[in-house]
Amino acid sequence: MSGVLVVMQRNGADFHRMSWESLAAGQQLAAQTGQNVSAAVVGEAGQLAGKKLERVYSVQHQLLGAYTADGFTAALEQLIRKINPSIVLFPHTYQVRDFAPKLATRFNQVLVSDAVGFRVESGAPIFVRQLFQGKLNADVKLGGGEPHFASIQAGAFRADQVEEAASQVENFVPELSPDIIRAQPQEPFRESARAVDLTSADIIVSVGRGIKEKDNIPIVEQLAKALGAELAASRPICDSGWLPMERQVGSSGQTVSPKMYLAVGISGAIQHLVGMKGAKTIVAINKDANAPIFEVADYGIVGDLFEVVPALVEEVKKAKL
Ligand SMILES: Cc1cc2nc3c(=O)[nH]c(=O)nc-3n(C[C@H](O)[C@H](O)[C@H](O)COP(=O)(O)OP(=O)(O)OC[C@H]3O[C@@H](n4cnc5c(N)ncnc54)[C@H](O)[C@@H]3O)c2cc1C
C-alpha cells in the first residue's frame, strides 16, 4: 500500500471549500512521507484536473447522484480497495462525519477526526487533534494495518497552498445496486441567502462578549468603518441578538480568511478559532493576557477595549488624513 488519497466533496457545481484545504494537507503529507498523492471525488473531476496530483478518480454512478452514506461508503470502499493508498484524507465536513467512520470500519480502522495538523516521524505521520475545547493537543500515532483514515479541521491548512499542474483523470464506476441504499435522500437543506458575505471581506473587525452590552456595539462599528472593514461577532453576540446571525464567525457561523481579522474582546474558544484562523494577519485586543486568542494572534494588545478601540479609531482617522 502506498500513496495519499484525498477524498474531495462537491458542493453543487463547485467543490466544498474545505476540500481544497484537505488537498493542500494531502500534498504536504505526501511530500513529507515521500509518497504520491491522488484525489477522488464522487462526481465530475472539474478543477481537480488542474491540480498537482498523480491521478484524479472521478467516481461515477447513477445511484450516487444524491448523497447517501450507504452509496458513498460502498463506492469509496471499492475505489480504495482498487488503488490501495496508505492514507486517506477527508475534509471534516458534516457529510464526511456522516459516512467516513463507517468507511474506515469497513477496513477495520478508525477515523482520526478533525485533525489540525501532522508531523512525520520515521516516515510515518502523527496527526494532531485538539481535546477539551482546544486546551490540549493530542498526538495520534497510527497503529495496525493500512490504510489510515483522517479528516482535516476547517482552516487548519490553506487552500491557496494547493499546488497546480495538469493531472490525469480516470473514471471509476463502482458496482452498486439499489438495495444497498437504505436512505431516501430529500432535497438538500439550503440556508437562506446571506445579505452579508464575510467570506469575501479583506478586513474584518469582530466583536465578542468583552463588549458587555448591545449599546456598546457602535464603539467597534466605528473601528470597522474607519478601517473599511466588515463587522463580525462571536456566537454569544449573535445569540443575544446584538448583531444578526449572518455576522457570526465560527464552527456554527461563517468561516472567513480575510487579510486582517481584528478580534475585540473575544476569548478565542476553539469553535470561534476554526472560523477565522485562516486569516493572513490576526490582531487581538483583550484585557486578559492569557486569553487563548493570543495563541493565534500575530499582534496582540493586552488592554481594555473601551480605551484601546477609540484610540485606534483616532489613529486610523489621522493616518488617513
Ligand atoms: C456546538 C458549539 C458551537 C459553537 N459555535 C460557535 C461559533 O460558531 N462561533 C463562536 O464564536 N462561538 C461558538 N461557540 C461558543 C464558544 O464555545 C464560546 O463560548 C464563544 O466563542 C465565546 O465568545 P466570546 O469570546 O465572545 O466570549 P467569552 O469567552 O466570554 O470571552 C470574552 C473575552 O472578552 C475579554 N474581555 C472582557 N472585558 C474586556 C474589556 N473591557 N476589554 C478587552 N477584553 C475584554 C475577556 O478577557 C474574554 O477573553 C460554540 C459552542 C458550541 C458548544
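In what order do the 7 strands of the open sheet stand? The order is 7-11-6-1-4-5-12, and the pairing is parallel. This is a predicted model: local features need pLDDT of at least 70, side-chain atom pairs count only at pLDDT 80 or more, and totals for chains, interfaces and linings use all residues. Residues are numbered from 1 along each chain as its sequence is written, and side-chain values use heavy atoms, leaving out hydrogens and water.

**Sheet**
- Strands (E, at least two residues) and helices (H or I, at least four) are DSSP runs, numbered from the N terminus.
- Two strands pair if DSSP finds at least two bridges between them.
- Strand 7 (111-115) and strand 12 (169-172) stand at the edges with a single partner strand each, so one side of each lacks a neighbour in the sheet.
- Strand 1 (residues 4-8) and strand 4 (residues 37-42) run parallel, joined by 5 bridges.
- In strand 4, Ala39 stands opposite Val6.

**Aromatic rings**
- The whole structure holds 9 aromatic pairs; rings of Phe, Tyr and Trp (its six-membered ring) pair if their centres lie within 6.5 Å, and planes under 30 degrees apart count as stacked, over 60 as edge-to-face and the rest as tilted.
- Phe90 and Phe149 are stacked, because their ring centres are 6.5 Å apart and their planes at 15°.
- Phe90 lies in strand 6 and Phe149 in strand 11, so this pair ties together parts 59 residues apart in sequence.
- One aromatic cluster is formed by Tyr67, Phe72, Phe90, Phe99, Phe107 and Phe149.
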